[in-house]
Amino acid sequence: MAVTSAAQIFVPNTIALVMLAVLVVRAAGESDSYLGWAIFAALVVSGAGMVLQTLRFWYFGSGRLVVTNFNVPFLTICALALNAGGPRLLASLLVASTLLQIILTLRLASLRRVFTQTVSGVVIMLVAVSAMPFVVRTAVVPPEGASTMLFMAPGVAALAVGAFISLQGTPAWRMWILPATVAAGLVVAVPLGYYDADIIVDAPWVSLPDFGWPGLDLTFDADFWALLPAFVFVNLTAFMKAVGDLSVIYRASYRDHSAIDFRSVQGGLGVYGLGTLLSGFVGTLPVAAPWAATVVYIGFTGVAAKSVGIYLGLLTMLVAPFSKLLAVLVAIPSPVVSAVYVIIFGMLFVEGAKTVFTGRVDQKKATIAGVSMVLGLSAGAFSGFVEGTASQLVGNTLFFGGMTAVVMTVFAELSSSRPRKLRIDLAQSSLPAVDDFLGRFADRHSWTEEGKDRLRLVGEEVMLSILEGENGGPDGRTRRLVATVRPEGGSAELEIVVASDDVIQGNIEDRMAYLDEGQALEDEQELSIRILRHYASSVHHRKYYGIDVVSCRVDK
C-alpha cells in the first residue's frame, strides 16, 4: 500500500517539478545543457528532501510524510536572477538568502504571534489561487494550427472523471482519483494525437547531464546587491508558506484531532533550509520546499505513513538519470496535467480556509483573512504603480497577500492592550504568586467575582498540568516561566511560556482531546483537564525545541 501510494503521488509531483523547472529556465533564456543539469539536480535534491523529512534527527526532519517540490514564491525571481547573471548568480543569491531561513527557524517560538494560524491559512489559500492560473497560462499552449477545443478535450475529460470520483465520497474510489484522472485524459489524448510518443522513442534509457557544476559567484557585483533584497523578501514569503504547509500536514497525518508539535515543524523547516542551501550550492532551482498538497494526497490515498515518503523520495532520485521514464511523464499533455492540479489546488484552498476558520472566528481574524485575500488577488493591478524588480514583487499574489497578512497581524499585536507579565520559577511554591497576579488583573479590569475565579482556576490548573509533566530533566534544575495576560474584548488571553529544555512530557491540548473521546487518564490529570475544559473557552499547547507555550482564553 505504501509503494502504491508513493507511485500515485510520484506521477503528478514529478511532472510539476519538471514542468516548473522548464518554465523558469526557458523564461530566462538559459541553454539546454543547463536545463538538463537543473532538472537532474532538482530531482535528486527534492527526493533527498522527502527522505530526510521522514527522519527526526536533532533539529532536522519532521518525522512524517512531506511531499517536496519547487518553491512557488521563487518562480519569478529565479528567472530574473538567471537572466541577469546566469546559474552562478542564482546560486549565490540562494545561499545568501537562506541565512534568513535559518535565523527564522531558530526563532520560530518568538515569532508565534506573527506566523499565526490565520497567516498560515491565508498563504496556503493564496498558493492555491495563484499557482493554477500560472500553470494554465504558461503550460497550456495549443500547437500552432491546432484546434483549441480539441487540444483542451483531454483536459476536460480528465477533469470530469476526477471530479466525478471525488464527488462520490467513497474512500476506495478516492484512492485512485489521480491515476484515474490521468488515464481518462490519455484515453482522449492518444486518438487525437496529443500524446507525443516520439519524445519517448528518441529519449535514451539512461543519460547524465553534460553541464558541469556552475559554482558560486563571489564577485558580489551590482546585480547581486540589486536582487538580494528581493530574494530576502521572497524568502520571507516562502518561509511563511513552509510554516503553514508543515502545520496543515501535521494535522492531516492523524485520523483524530492532535495538537501541532512545533518541534516537528521546526525539524521540517530545518530540512527545507538545508535543501534550499544545497540547491544553491549545486546550481539548481529551490526545489526542497514542503508542499501543502501533501494533505490532498493523504486525503486521496488514505495513507500518511513515513514509509510513503521514503519510497517517494527514492523514486524521485532514481528517475533522475532515466531519461526515458522522465519522457513518459513529460509526454502527458499539459491540459491533462492541469486537470489534475485543478483538483489538487481546489482541495488545497479548502484546507487553507479550514486552517483560518477553525475554532473561534473573531472580527480581527476575519479582517486579516479577508483583506489579505482581496489584496493578494488584486496584486497584478498594483504592480503597474511601481517599476523594476519591485514591480515583480508587488505583482506576485503570494508575496503581496502574504505580506499584507503579516503586516496586519503585527499591527494588531502592537495596537492591542499592553500585556501584564510575571517572571517566576516553575514550582508548587509559585502558585500563590500566579494566583495573585491573575487576581490583580481581574480587579484592574473590573471583572465579576465569578469571572475572576474562573481566571484564577484556569491559571492554577495550567500550572499544575505543566508541573505534572515536568520530570526535572537530566540536570534537575528549576525551570523558569513567563506568565502573560492581556484583555481581548470580553475575555482575557493567558499565556504561560516555560523554558522546558524538552523535559516537559505530554500535551495539555491532546489530553483534552483524549478526554473528549472517553479515554481514561490518571485521576489528577483528569481533574485538571476537566476544570480547564469547563472554565476556559479555548486551550492551546505548543511545544517548540526548548520551549513550551500554553495559551488559554477565559471569558469575562
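Six cavities of 30 Å³ or more are found in a search of the whole structure. A cavity here is a set of points, on a 1 Å grid over the protein atoms alone, where a 1.4 Å probe fits but cannot get out, and its lining residues have an atom within 4 Å of a point. Grid points are joined across faces, edges and corners, and a volume is the space filled by probe spheres set on the points. The structure is a predicted model, in which local features need pLDDT of at least 70 and side-chain atom pairs count only at pLDDT 80 or more, while totals for chains, interfaces and linings use all residues. Residues are numbered from 1 along each chain as its sequence is written, and side-chain values use heavy atoms, with hydrogens and water left out.

## The largest cavity

The largest cavity holds about 90 Å³ of space. Its lining consists of Ala16, Met19, Leu20, Val72, Leu75, Ala131, Phe134, Val135, Trp291, Tyr341 and Phe345. Two or more of these residues come from each of helix H1 (2–27), helix H4 (117–139) and helix H14 (334–357). Helices (H or I, at least four residues) are DSSP runs, numbered from the N terminus.

By class, this lining has 11 nonpolar, no polar and no charged residues. In this scheme Ala, Val, Leu, Ile, Met, Phe, Trp, Tyr, Cys and Pro count as nonpolar, Asp, Glu, Lys and Arg as charged, and the others, Gly among them, as polar.

## The second largest cavity

A volume of about 70 Å³ is computed for the second largest cavity. Val72, Ile124, Val127, Ala131, Lys241, Asp245, Trp291, Ala292, Ala293, Phe345 and Leu348 form its lining. Here the elements that give two or more residues are H4, helix H9 (222–252) and H14. The most is given by H4, with three residues. The lining comprises nine nonpolar, no polar and two charged residues.

## Packing of H1 and H4

Two packed helices are described by the angle between their axes and the distance between the axes. For H1 and H4, the axes come within 11 Å and cross at roughly 65 degrees. Axes are lines fitted to C-alpha atoms, for helices over the stretch in contact, and angles run from 0 to 180 degrees between N-to-C directions. H1 and H4 are therefore roughly perpendicular (65 to 115 degrees) to each other.

H1 passes H4 in a left-handed crossing, a term for a near helix turned anticlockwise from the far one by less than a right angle, with clockwise giving right-handed. Met19, Leu20 and Leu23 of H1 make the contact (heavy atoms within 4.5 Å) with Phe134, Val135, Thr138 and Ala139 of H4. This contact has six nonpolar, one polar and no charged residues.

The axes of helix H2 (residues 32–53) and helix H12 (residues 306–319) come within 7 Å, crossing at roughly 165 degrees. That makes H2 roughly antiparallel (over 145 degrees) to H12. Their crossing is left-handed. Leu43, Val44, Gly47, Ala48, Met50 and Val51 in H2 meet residues of H12 that include Gly309, Ile310, Leu312 and Gly313. The contact divides into 10 nonpolar, four polar and no charged residues.

For helix H15 (residues 363–377) and helix H18 (residues 397–415), the axes come within 8 Å and cross at roughly 155 degrees. H15 is therefore roughly antiparallel to H18. The crossing of H15 with H18 is right-handed. Among the contact residues are Lys364, Thr367 and Ile368 of H15 and Thr397, Phe400 and Gly401 of H18. By class, the contact of H15 with H18 has eight nonpolar, seven polar and one charged.

Terms used: Angles under 35 degrees count as roughly parallel, over 145 as roughly antiparallel, 65 to 115 as roughly perpendicular and the rest as oblique. On a 1 Å grid over the protein atoms alone, a cavity is a set of points where a 1.4 Å probe fits but cannot get out, and a pocket is an open set with protein on both sides within 12 Å along at least five of seven lines; lining residues have an atom within 4 Å of a point.
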